[in-house]
Amino acid sequence: MFALVFVVFDVETIFFYPWAMSFDVVGVSVFIEALIFVLILIVCSVYAWRKGVLEWS
């Protein structure tokens, strides 16, 4: 399970790279979209943590 969570956050980092490289071209709207993306990931991670999915059995 921990390897799967690592892969998810690794892929998340890959998605942030193009946004960071083109920030001056696309503007603030894409920055807000990136913040929404991060917020969704945080909410999902907290939900999984509280459900006990990330604990060893």
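What share of the 57 residues of the chain count as buried? I looked this up first. The figure is 9%. I keep in mind that this is a predicted model.

**Entry: elements**
I went through the secondary structure next. I found three helices and zero strands in the chain. Read from the N terminus on, the elements run α-α-α.

**Entry: dimensions**
I then looked up the extent of the chain. The C-alpha trace spans about 45 × 20 × 5 Å along its principal axes. The radius of gyration of the chain is 14 Å, whereas a compact globule of 57 residues would have one near 10 Å.

**Entry: surface**

**Entry: nonpolar patch**
Which residues make the nonpolar surface patch? I noted Phe23, Val28, Phe31, Ile32, Leu35, Ile36 and Ile40. Together they make a patch of about 660 Å².

**Entry: Ile40**
Ile40 lies in helix H3. Why does Ile40 count as partly exposed? Its relative accessibility is 49%. Buried means under 20% and exposed means over 50%, so a value in between is called partly exposed. Ile40 therefore goes down in my notes as partly exposed, at 49%.

Technical notes:
Residues are numbered from 1 along each chain as its sequence is written. This is a predicted model: local features need pLDDT of at least 70, side-chain atom pairs count only at pLDDT 80 or more; totals for chains, interfaces and linings use all residues. Side-chain values use heavy atoms; hydrogens and water are left out. Patches are made of residues with over 30% relative accessible area and no salt bridge: like charges are joined within 9 Å, nonpolar side chains (Val, Leu, Ile, Met, Phe, Trp, Tyr) within 5 Å. Accessible areas come from the Shrake-Rupley method with a 1.4 Å probe; for residues, only the protein chains shown count as cover. A salt bridge is a side-chain nitrogen of Lys or Arg within 4 Å of a carboxyl oxygen of Asp or Glu. Helices (H or I, at least four residues) and strands (E, at least two) are DSSP runs, numbered from the N terminus. Buried means under 20% relative accessible area, exposed over 50%, partly exposed in between (1.4 Å probe, protein chains only). The radius of gyration is taken over C-alpha atoms; the globule rule is 2.2 Å times the number of residues to the power 0.38.
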